[in-house]
Amino acid sequence: MITITDINVLDSKDPLKDKKQGFSIPPGLVYLDGNSLGALPSGVQNAMTTAVETEWGKDLISSWNTHNWIDLPLSVGDKIGAIIGAAPGQVVCCDSISVNLVKVLSAALALRPGRSVILSQHDNFPTDLYMAEGLTALLGESRCRLKTVDADDIVEEINESVAVVMLTHVNFRTGALHDMAKLTEAAHRVGALVVWDLAHSAGALPLALDELNVDFAVGCGYKYLNGGPGAPAFIYAARKHLANIHQPICGWMGHANPFAFEPGYQPAKDIKVFLAGTPNILSMKALDAALDAFDNVDMNTLRQKSLALSDTFLRCIQQDPCLSQLQCVSPVYHKERGSQLAFRHPHAYAIVQALIEDKVVADFRAPDLVRFGFTPLYLSYEDIWTAADRLSEVMASEKYLAPRFQTRNKVT
Ligand SMILES: *Cc1c(COP(=O)(O)O)cnc(C)c1O
């Protein structure tokens, strides 16, 4: 049995407890949706004011040089690199995951000319599969063919026909965590490359992309990295591939010498080769400031807290008879789980809406999942206790059956 006294002890011993002050979260709100849109780090507002008032407002176009706007995709990329186990010069901040997947998948296919298969998993995040489909339509089946299999069958399906294995590290629905080392090695053993989607892992758990010889990765700026709505995403490419990248969104910012304005494209020989058009400076400034929340944060400590928060939530749920109808679909073993928990219930959508009214923000994923994200930088154990308590009330009272909770919003 876990009690509020245990919770208070956990909070008092939490090495990350002071980090919460660095975020603006409305009082009384328990925010368990940082895996969809990270909370607002307090430093972002000042950074935005400076970027708008001084850099854009006063210094205008000279800011490309004087405030180093032009290098922002690289400097923000390196900041992200420090969080995901990448040495400098291999991460660039740009565009969205969807667009970045076209770039890295094309680059990977071009590096494996005799092969055409992109191997992925049925329940990957849909945009990843859609982008591979789009690439097939562009290149033809002889150059690009998407094959999807069940998670359990991936290793045995990695064979010599596979050019690239494209997987999402942490499953967006269940939080199931792939063994990145094992799968990357299995791909390399047969000469295939890997593309990892880190949408639900960057900023949530320790990563070691360089150490594991990962070829390419993409990830999200607005989830655990807290860069704000629509924050630019990122691309990681191993240094050894950088001189041989061919990708079709070859805009001027990825040219070896953009300001020479030459008529023909010459790819940059560094990570800039993945840039296409003018970087989104304002949103990148927000992400840049947001990443300071990770200063001096040891990712192993963060991971320990993420698991402890999720375990605490699970224990609260298991010990409450009112919550027995919520069926956990997330793996229980730490090695197999990311930083979220999902529960199945036929009224999942309405339950989430009722919880939001009670100031606990979780989210719904079709067809029947209630999803809770655990962000160690701004959640306390007491938040977890409060969330379980309010969830218990919602379930016991069946208030979620009220008509006002049944209408689906456009974004769920
Ligand atoms: C959130 C998410 C995305 C988002 O892609 P965008 O193109 O940046 O909107 C992609 N993949 C996964 C696994 C995600 O969870």
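Biologist: How do the residues of the lining of the second largest pocket divide into nonpolar, polar and charged?

Modeller: First, a caution: this is a predicted model. The lining of the second largest pocket has 9 nonpolar, 8 polar and 6 charged residues.

Biologist: What shows where empty space is left?

Modeller: A probe the size of a water molecule is rolled over the atoms, and this shows where empty space is left. Now the case here. The second largest pocket holds about 300 Å³ of space.

Biologist: Which residues lie nearest the centre of the second largest pocket?

Modeller: Look for Ile 97, Phe 125, Cys 220, Tyr 222 and Lys 223. They belong to a lining of 23 residues. Helices H5 and H6 each give at least two residues to that lining.

Biologist: Which pocket has its space taken by the ligand?

Modeller: The ligand takes the space of the second largest pocket.

Biologist: Where does the ligand have an oxygen atom 2.9 Å from a polar backbone atom?

Modeller: For a polar contact, look for a pair of N or O atoms within 3.5 Å. The backbone case is at Ile 97, with 2.9 Å to a ligand oxygen. Tyr 222 has a polar side-chain atom 3.3 Å from a ligand oxygen. For Lys 223, a polar side-chain atom is 2.6 Å from an oxygen of the ligand. As for cover, the ligand on its own has 390 Å² of accessible area, and the protein covers 88% of it.

Biologist: What volume does the largest pocket have?

Modeller: About 760 Å³. Its lining has 27 residues, and closest to the centre are Leu 177, His 178, Asp 179, Lys 335 and Glu 336. Helix H7 (154-157) and helix H8 (180-189) each give two or more residues to this lining. H8 has the largest share, 3 residues. By class, the lining of the largest pocket has 14 nonpolar, 6 polar and 7 charged residues.

Biologist: Now the backbone. Which peptide bond is cis?

Modeller: Read omega. The bond from Ala 366 to Pro 367 is cis, with omega near 5°. Find Pro 367 in the loop between strand E14 (363-365) and strand E15 (369-373).

Biologist: What value does phi of Asn 213 have?

Modeller: Phi of Asn 213 is near 60°, a positive value in a residue other than glycine. Asn 213 sits in the loop between strand E8 (193-197) and strand E9 (216-219).

Key: Residues numbered from 1 in each chain as written. Predicted model: local features only at pLDDT ≥ 70, side-chain atom pairs only at ≥ 80, totals over all residues. Heavy atoms only, no water. Polar contact = N/O pair within 3.5 Å; in protein donor to acceptor, adjacent residues only side chain to side chain. Areas by Shrake-Rupley, 256 points an atom, 1.4 Å probe, with all protein chains shown as cover. 1 Å grid on protein atoms, 1.4 Å probe; cavity = no way out; pocket = protein on both sides within 12 Å on 5 of 7 lines; lining within 4 Å. Sits in = over half its atoms within 2 Å of the grid points. Points joined across faces, edges and corners; volume = space filled by probe spheres on them. Helix = DSSP H or I, 4+ residues; strand = E, 2+ residues; numbered from the N terminus. Nonpolar A, V, L, I, M, F, W, Y, C, P; charged D, E, K, R; others polar.
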